[in-house]
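Me: Can you walk me through this protein chain in plain words? I'd like to ask a few things as we go.

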Amino acid sequence: MSDGTFDTHPARRSGRTRFEDDLGRPVVSDAPPRRIVSLVPSLTEAIAHTVPGALVGATDWCSHPPDLAVERLRGTKNPHVRRIIELAPDLVVANREENRERHVLHLREAGVPVWVTDVRTVPGALASLRRLFALLAPGVSPDWLTEAETVWAAPPPSERVRVAVPIWRNPWMFVGADTFAHDLLHRLGADNVFADRPGRYPTVGPEETSEADLVVLPDEPYAFGPEDGPEAFDVPAVHVFGRDLTWYGPSLPAAHRRLSAALTRHG
């Protein structure tokens, strides 16, 4: 198997409580994990809000909540695996796209349970979060998650806008189909002009955005700004928080409001 394709072996039966992550991999637990390492920024925020005090480690990119005081374990692509093992967490949370398979396998081989999410749609994200918190906080229904489910169940606007969403430059890369950001924008009334291109993040020149009504410029992973991005396009551009496009967690309700306003104002 190559990086990005995680093992999905059938779960073994046990007398203990048995859960399955997004890839069907079992996590068997006697009690809710209370020492958690998160390798996913959006999940770090979600866990910190829902199970305060449970996180013992996170990546350098885990910027929310801003006052999170846990050990930093390098980045999502190069986590400090040896140190994670030394921390002896009850659970590590990872993501199929953001993290590498070899790190997940190394942790599992060392006896560390790993929960892997695989999120490509808004409903998929909400269901994934419900599964995770059934393990981490049984019987708890986070207010932010309930609000997100309500907000994102609303029908999209009837008037639609065609968008192009770059995530990098040199080379230029754009959001394609089969991504969380693509589905999220579609639910807000935005049609991705590069949805038919091969790959989840196709490499496309800015001159090919002429069919778009609007270029949506996020501030991450590439930090587009007023002087870095709009000048490359012949169509209007709007700046948004990258977190609103790609994070699934407590920011989802506000992301709906902010992105809806940005698309409406420039649509």
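Me: What percentage of the 267 residues of the chain count as buried?

Reply: First, a heads-up: this is a predicted model, where local features need pLDDT of at least 70, side-chain atom pairs count only at pLDDT 80 or more, and totals for chains, interfaces and linings use all residues. Residues are numbered from 1 along each chain as its sequence is written, and side-chain values use heavy atoms, with hydrogens and water left out. Buried means under 20% relative accessible area, exposed over 50%, and partly exposed in between (1.4 Å probe, protein chains only). Of the chain's 267 residues, the buried share is 51%.

Me: How many helices and strands does the chain have?

Reply: Both kinds are DSSP runs numbered from the N terminus: helices are H or I with at least four residues, strands are E with at least two. Counted that way, the chain comes to 8 helices and 13 strands.

Me: How many residues of H1 are buried?

Reply: Helix H1 covers residues 41-50, and Glu45 lies in it. Glu45 is buried, with a relative accessible area of 4%. H1 is mostly covered, and the buried count out of its 10 residues is 9.

Me: Which residues is Glu45 in contact with, leaving aside its neighbours within four places in sequence?

Reply: Contact means heavy atoms within 4.5 Å. With those neighbours set aside, the partners of Glu45 are His64, Pro65, Arg243, Trp247, Pro250 and Ser251.

Me: What kind of aromatic pair do Phe174 and Phe233 form?

Reply: Rings of Phe, Tyr and Trp (its six-membered ring) pair if their centres lie within 6.5 Å; planes under 30 degrees apart count as stacked, over 60 as edge-to-face and the rest as tilted. The whole structure has 9 aromatic pairs. For Phe174 and Phe233, the centres are 6.4 Å apart and the planes sit at 90°, so the pair is edge-to-face.

Me: How many residues apart in sequence are the parts that the Phe174 and Phe233 pair ties together?

Reply: Phe174 lies in strand S10 (residues 173-174), while Phe233 is in the loop between strand S12 (214-218) and strand S13 (237-240). Phe174 is buried at 0% relative accessible area, and Phe233 counts as buried too, at 7%. Going by their places in the sequence, the parts tied together are 59 residues apart.

Me: Which residues do ring pairs link into a cluster?

Reply: Tyr222 and Phe224 are both buried. Their ring centres are 4.6 Å apart with planes at 50°, so that pair is tilted. The cluster linked by ring pairs is made of Trp168, Trp172, Phe174, Phe194, Tyr222, Phe224 and Phe233.
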